[in-house]
Structures are given as C-alpha cells and as structure tokens.
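Hello,

Here is the structure I promised to pass on. My notes follow below it.

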Amino acid sequence: MRAARLIKMVLLLQSRPSMTAAELARELEVSERTVTRDAQALSEAGVPVYADRGRAGGYRLVDGYRTRLTGLHRGEAEALFLSGVPGALREMGLEDAASAARLKVSAALLPSLRDAPRTAAQRFHLDAPNWFREPRTPELLPAVAEAVWDDRRITARYRRHEQEVERELEPYGLVLKAGVWYLAARVPRADSFRTYRIDRFTGVVPLAETFRRDEEFDLPGFWAAQAERFARSIWRSEAVVRLTAEGVRRLPHVVDPLAAREALAAAGEPDAEGRLTVTLPVESEEVAHTQLTALGPEAEVLAPEGLRERFGRDARRLAALYEADRAAGA
C-alpha cells in the first residue's frame, strides 16, 4: 500500500513543477504529516525530492528527473491501454501521435507486462456511434482539434437554421456523443460558454493569438449541465400515464431517462391493481405517441385527451386486425 502511494507521489511531482503538502495530502488521501514522512523516505531511497520553505513553498523534484514506469502492476498497465478511443483519435488526426505514445509506454514497461496492449485489445473495444447510423467524420474536426490542443482562437462559420453565422471562439474541449462531435467554446464577445456541432461548421480559420484557459472550467461537468438543459428545453408538454410494474421498469428505456427519473420520483403510491400513475414531461404529443407505443399494454395514457384518442384508435385497429385473422382461421 505504501509503495503504491510513494510511486503515485513521484508521478504527481513529475507532472507538476511543485505541489504543497496540502495538495499532495488531498491527492493521496493521507495527512500532511504522512506526506512529510513519505517525502523523506523517497529522498533516503535516492529520489531527489526537495522541500521549498516559505509561504509559496512545496515539494518538487530536481529538474530533469524522470522515473521509468516500473511500478505498474498488470491491471494498471492493461487499463492504461484502454484509456484511448482509437476511432476518435483517428478522426481528430491524432492516430500517429497516439500510436507513438503507446510504443514509448510499452518500451518503458517491465518485460513481464509487455503483452498488456495485446491482452487489453483482445478483451475490450469501444464502438461510439449509434446503431443504424453511418458514422461521418466532420471535415473540419482535425483543424478544430488542433486549435483545442494549442489553446488557439479560431474564427468559425457555421450553419444556424437557414443562415450562416461567423463567430470568434476560444475552443476549450471536444465531446463525442453517440457518434456526433461537439465543441465546447467560450465566446469572448458574449463572455459565455456555448456548444457547437462540428458537422455544422462550414469554415474554420486559426488565428495568430492564443487564449488563457480558465483552469476552473470542467468539461465533463459543463457537458452534463448542457445535456440536461437541452433535454429540459424541449419538454413542452406533459402526458399522464398509468403504468404496470413492467411499464415502470421499461419506461427509462423508451423515453428520455431524465424525464423518466423525474416522473417516477414524483409519483405517488401504486393503486390497488399495482399500477402507478405518473406525469411525464414530453417534447410533443407526436413524440410521446411514438415513444409510449413501445410499452404496448403496459401503459395507459390518461391525458391529454388527444394523445389518449390516438392510442384508442391504435388499439381498435389492432383489435380489428387480429379479430379478422381469427375469424378467417375459424
């Protein structure tokens, strides 16, 4: 346990110019006193860890010191080679760099771990696009990805409805969602962060100046908030639905999971027949009809009246169809 912690401490210091005892304690989940003892142990073992005194002080490694990756065990080595998404790297124009990095890491591993890339690739593969959709790489994605890496401002032209708009952007990060690439960018003129679909870009021009990245920006958190905000923005109506136990189980698989969670959380107790009545936020009656049809007899629409009438017509048509088949068979 301590050996793994010491290795992690060295790698942390190797990745940053300096870290305070408090920062190291937080990363290693130990006390500052333990950090002090660990730093002393590393120094005695020949690892050049130095402590700078004063308010701006901290721990650091002597300039140029690097450790080989001999502290990895098999699970860590195999997980390392699962961290990349080959298709995404290829689409961003980073396949060669990723391949070179994997070769260098492989060369640094102990001989007993050299087969880690092969064993990981044999067991796991990530296929990001949705089913029944031909994946298309946006032509301008590599240029945007390069600007993201370089913290370089760009001028982007993109399609918005029926017109083309031009904006100066600070490209912060890329997100691949169900086979579609999005750019999270700050718009300097509006001093706000926004999301853009890369396949709607018609032109990207890298500018000479770079931008200072906001270190507080959290890409996963920003994306999660944007996704939830988008989901809520398209909920323009509600459907009151009575569900069987099987309908409750299947509801999150046929409608927006966030809508299902909120509807089920706000529902009361099941009735005497075990059916649960929920008020479900929906995009429109048309979308609700398409989605809830998948539940079949496990869901009864109570309101709005127009949506209930749709399902009533469907039920009568189905009944007539199967009654006709039964009569023909008789």
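Predicted model: local features only at pLDDT ≥ 70, side-chain atom pairs only at ≥ 80, totals over all residues.

**Aromatic residues and the main pocket**

Residues are numbered from 1 along each chain as its sequence is written, and side-chain values use heavy atoms, without hydrogens and water.

F217 and F222 also form an aromatic pair. Rings of Phe, Tyr and Trp (its six-membered ring) pair if their centres lie within 6.5 Å. This pair is tilted, at 5.4 Å centre to centre and 50° between the planes; planes under 30 degrees apart count as stacked, over 60 as edge-to-face and the rest as tilted. The structure holds 10 aromatic pairs. One aromatic cluster takes in Y172, F193, F211, F217 and F222. R213 places its charged end over the ring of Y172, 4.7 Å from the centre (CZ of Arg within 6 Å of the ring centre and within 35 degrees of the ring normal).

Now the largest pocket. A pocket is an open set of points on a 1 Å grid where a 1.4 Å probe fits, with protein on both sides within 12 Å along at least five of seven lines; lining residues have an atom within 4 Å of a point. The volume is about 1,300 Å³, counted as the space filled by probe spheres set on the points. Of its 35 lining residues, Y182, W223, Q226, F230 and A231 are the closest to the centre.

Best wishes
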